[in-house]
Amino acid sequence: MAASCCTNMSAVLPSGNVGISSTSFHKKSRSKLASIPGTRPSVQNGQLLVSTGVPSLDYVIGGGLAVGTLLLIEEDQYDGYSHVLFKYFLAEGAVCGHSIFVASAREHPGDILQNLPAPLLDDVVNAETEEEIVNINQSVREHQDSMKIAWRYQNLPKMQTSLASSSRFGHYFDVSKSMSPEMLYSVSCHNFYPGNEVSLDSVPMIGNKNTVYMKLLQSIQRVIRNEGFDGACPQKKQKNILRIGIRSLGSALWGDDICYQDNPEHVHSLTMFLYALRGLLRTSLTVCIITVPAHLIQNKAIMSRIVKLSDTVVGLESFNCSEKRTNPLYKDYHEGLLHVYQIPRLNSLMCDVSEAKDLAFKLKRKLFTIENLYL
Amino acid sequence: AMFQVRSAVFLSVTDTADCGGRNLLKSLTQAALQREELVHVFGFEVSEFEFTAGLKNEDKWRLVFHDAYSDPLNWDESSSFTPLQFTTQDVLARIGQAPNEDSKSVTLVLDSLSWVLLHNPVTLVCQTLQQLFSGLKVKRVVALLHTDLHEQGVVGSVCHLAGTVVMVAPAPKRPSAETDVEPLALATIVQRKESGKVIKKEEYFTVLEDFNLKVLGEPAQLSRRPEGKEEETAQVGILRALRGWPQGQRLTNMFLLFFLSPPPRKSSLLQPQANQGHIFYEPDAADDVDDEDPDDDLDI
């Protein structure tokens, strides 16, 4: 009995775990789903979580992205940083061995998959990121040791500006290097490129429905059914998770007119797509990330409907391109603000909302961090 | 930053009625010609003669002008190109007609994209542009877009597609010109890089007679002091006006200044407060204090 528990626990820990302080104390988990690599149960409500690829973003949205939910990212003005987050999500899937489905209208999905950031792995532990994390911990410890007069306050934690979850459930990536193709061989990748699927001459809208969206839904459904993510055909091998990434949904390249018209003709095509997509997600082991150019959508009612139809909603605003804030003080340390618009309540009455409301992000070559913005 | 725009795949120059971007477009065309690239110009707004005027003669043979200006809507049945023909197949067919090398070195210049957007659905135009610059034949697309003619969403959608956007605006006049050439326009360049960073830069530039581009530095360097002076003068002006106004004098006198307030209040505030509150009460006419009433004797 004890032996089987031990083997179960070793399967729980995701591969490529770099432990600074690895303890021998592990939580006993008896559920079957937890044996999927790259996932862990949430400490709040036991929901199965996957990492978004950015450990500080995982912390902000409550430990990770729950399987069966949808993460919506409202793009910054020229889709710079949101594309980086998109690539991190896919790269995390590749490292954990999940299946990947990429849908993109602007760039061919194959090009996106070739340019994924390279992970910083165990055997080639890079000193820099390790040092950064160790320095934070060391400075905390030093301050604690030096308190002689205020020794009663020694054990109170020092204010941490960088948010990170304690266990290495997500991985760190190096944006300047691209992932080696060998890593993608074992991962099953599926693409959807509207240019291939829908011919140019055909009208994008038939009646009320957008044909491109319909084809995308059908393609996703086909993949889920064929590969057994919804339990339709029992998988012989180990259960796996499908990560879906859809880029710039709602832009003109998808045949949708909500981005350039104040009163679009087909107001509901995107919302119908999201509704159907969420139904597919809830009944299968999939996680989905969608980026939407929210700043282009003229009608605010549409955007609020889209937000309601998604589970977790996060928005990026870069200081470079935002007209509102041009205070040079902001630009020194951070590159933009991260807004958390919505966090889902899954199987619970309340969601875990972090106290910090002002979050700023910083993109360095090896680290994408989200911090509390202190003025 | 102007040199970085050379590496752009889809460059969009947006202008307004106040400041035209055609000169910049011609300057970029000339730079492409000097780099020995084949340039295909689709002209909707100006004639071939006007567009090529001023460009160097020895490079002109590399420029192919597709005339959509003389008869844009094909009324005379003699036009060679109409805005409605702006589809991927038609454009690629036209580029294929002119003799060119096999390598991917065709630069497509659109003068202007506004014409195409006004006659075609936006989704189709976006798809065509995207297929053109991600295809094999065309290396770069440079398009001129008039922001006055379109809704904000349309401009936004097209610029969302572009890797680099150059927004041309009239430059504010400077009181003293340090150089002898006065700045023609202010360009705001937004460029999206591979790593995800988006760079925004503002520069003054002039297009010279021979369509060479001259960059004249950034706005922050040139004018900061005049703005500060203007602010001061505004405040000073208000105060001066108030003083001269007779009623203003009365109004300012109504506000009792601290150093003119009655002494007990002032001295009490100056003494260090020791968690006590002092109450100063001056009995007014409505209070009548009766010396014989025992209740009035209470000293609280």
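Angles under 35 degrees count as roughly parallel, over 145 as roughly antiparallel, 65 to 115 as roughly perpendicular and the rest as oblique. This briefing applies that scale to a predicted model, in which local features need pLDDT of at least 70, side-chain atom pairs count only at pLDDT 80 or more, and totals for chains, interfaces and linings use all residues. Residues are numbered from 1 along each chain as its sequence is written, chains are lettered from A and ligands numbered from 1 in the order in which they are written, and side-chain values use heavy atoms, with hydrogens and water left out.

**Helix packing in chain A**

- Helices (H or I, at least four residues) and strands (E, at least two) are DSSP runs, numbered from the N terminus.
- The axes of α9(A) and helix α10 (residues 300-309) of chain A come within 10 Å and cross at roughly 0°; axes are lines fitted to C-alpha atoms, for helices over the stretch in contact, and angles run from 0 to 180 degrees between N-to-C directions.
- α9(A) and α10(A) are therefore roughly parallel to each other.
- On the α9(A) side, this contact (heavy atoms within 4.5 Å) is made by A:L270, A:T271, A:L274, A:Y275 and A:R278, and on the α10(A) side by A:R305, A:I306, A:K308 and A:L309.
- Its residues divide into five nonpolar, one polar and three charged, where Ala, Val, Leu, Ile, Met, Phe, Trp, Tyr, Cys and Pro count as nonpolar, Asp, Glu, Lys and Arg as charged, and the others, Gly among them, as polar.
- Helix α8 (residues 211-227) and helix α9 (residues 269-282) of chain A have axes that come within 10 Å and cross at roughly 5°.
- α8(A) and α9(A) are therefore roughly parallel to each other.
- Residues of α8(A) including A:L216, A:L217 and A:I220 meet residues of α9(A) including A:F273, A:A276 and A:L277.
- The contact of α8(A) with α9(A) comprises 10 nonpolar residues, two polar and no charged.

**Interface of chains A and B**

- In the interface, 31 residues of chain A are in contact with 28 residues of chain B.
- Across the interface of chain A and chain B, the rule finds zero salt bridges (a side-chain nitrogen of Lys or Arg within 4 Å of a carboxyl oxygen of Asp or Glu).
- Helix α3 (residues 81-96) of chain A gives the most to the side of chain A that touches chain B, with three residues.
- That side of chain A divides into 15 nonpolar, eight polar and eight charged residues.

**Backbone features**

- A cis peptide bond, with omega about 0°, joins B:D111 and B:S112.
- B:S112 is found in the loop between β4 (106-111) and α4 (113-119) of chain B.
- A:D79, a residue other than glycine, has a positive phi near 55°.
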